[in-house]
Amino acid sequence: MTDTADAPALSIAAVSHRFGSKAALQDVSLTVPRAAFCALLGVNGAGKTTLFSLITRLYDSTSGRIAVAGFDARRTPGKALARLGVVFQSRALDGDLTLRQNLTYHAALHGISARKAAPRIAEVLALVDLAPQMDARVSTLSGGQQRRAEIARALLHRPELLLLDEATAGLDVRARADVLALVRRLIAQEGVSTLWATHIFEEMESADHVVVLHQGRVLADTTAGDLAGTGTLSEGFMALTGERA
Ligand SMILES: Nc1ncnc2c1ncn2[C@@H]1O[C@H](COP(=O)(O)OP(=O)(O)OP(=O)(O)O)[C@@H](O)[C@H]1O
């Protein structure tokens, strides 16, 4: 398949993965449509990190198929990864360097020259509302600003899919809301698709796509509104999994 507007941002089909005798993922299928906010819900050990590690090619799946924007992650890993931006919980930016220095370095990792990087860095920092902080050392930024800077880094190479692993972990309520609003704006204005691993149900809106992963299996692939039914999302999740997130 080629990269067309028809291909979903992410397609995972019948993916399984084992660590020795431990089945971490079993027959997982899900789709993230274009320009969609898709939440991946699961308690600790559900398999979210394993799934992200397969999408980013840290591991190769035992079986099944993963495609990013139509590009098969196993057969055409370079093309698939070029369309992927990742924000993991661990920090990707060097606190001792300025935002500009960090982003210039990461642009170079994506093969973007310093000359071409300069306008793109200005652009992504404007997108995440950090243009005035371009020459600030990363360690001087607040937690919420650092998260937004990580998102700017992930956007440098114009990915079509953003993977965010607990992107609001450790932030206060206001900073969390800012990061979430930013991601929703990127989806609406830039057409970026997002797979957002979280267990904070308040972050979801009723039309959002929701995939519930539990003990390595997909238990639901629906919308937040449908999962909540007549109750809350948290109640819907608990009825399905027997667990409190
Ligand atoms: N390298 C590994 N070796 C063996 N088992 C592993 C390994 N990594 C993960 N597992 C197991 O696979 C299952 C899924 O783990 P995974 O880390 O993907 O879950 P998770 O949903 O990301 O949880 P958390 O939110 O705690 O990170 C768990 O039972 C875990 O113990």
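**Helix packing around α5**

In this predicted model, helix α3 (residues 99-109) and helix α5 (residues 143-155) cross at roughly 30°, and their axes come within 9 Å. Angles under 35 degrees count as roughly parallel, so α3 is roughly parallel to α5. The crossing of these two helices is right-handed.

Which residues in α3 and α5 meet? From α3 come L99, N102, L103 and H106. Their partners in α5 are A149, A152 and R153. By class, the contact of α3 with α5 has four nonpolar, two polar and one charged residues.

Now follow α5 to its contact with helix α6 (residues 173-190). Here the axes are 9 Å apart, and the helices pack at an angle of about 20°. That angle makes α5 roughly parallel to α6. The crossing of α5 and α6 is right-handed.

On the α5 side, this contact uses G143, G144, R147, R148 and I151. In α6, the residues they meet are A175, D178, V179 and L182. By class, the contact of α5 with α6 has four nonpolar, two polar and three charged residues.

Just after α1 comes R57, with a positive phi of about 70°.

Notes. Residues numbered from 1 in each chain as written. Predicted model: local features only at pLDDT ≥ 70, side-chain atom pairs only at ≥ 80, totals over all residues. Helix = DSSP H or I, 4+ residues; strand = E, 2+ residues; numbered from the N terminus. Axes fitted to C-alpha atoms, helices over the stretch in contact; angles between N-to-C directions. Parallel < 35°, antiparallel > 145°, perpendicular 65-115°, else oblique. Left-handed = near helix turned anticlockwise from the far one by under 90°. Contact = placed C-beta atoms within 7 Å. Nonpolar A, V, L, I, M, F, W, Y, C, P; charged D, E, K, R; others polar.
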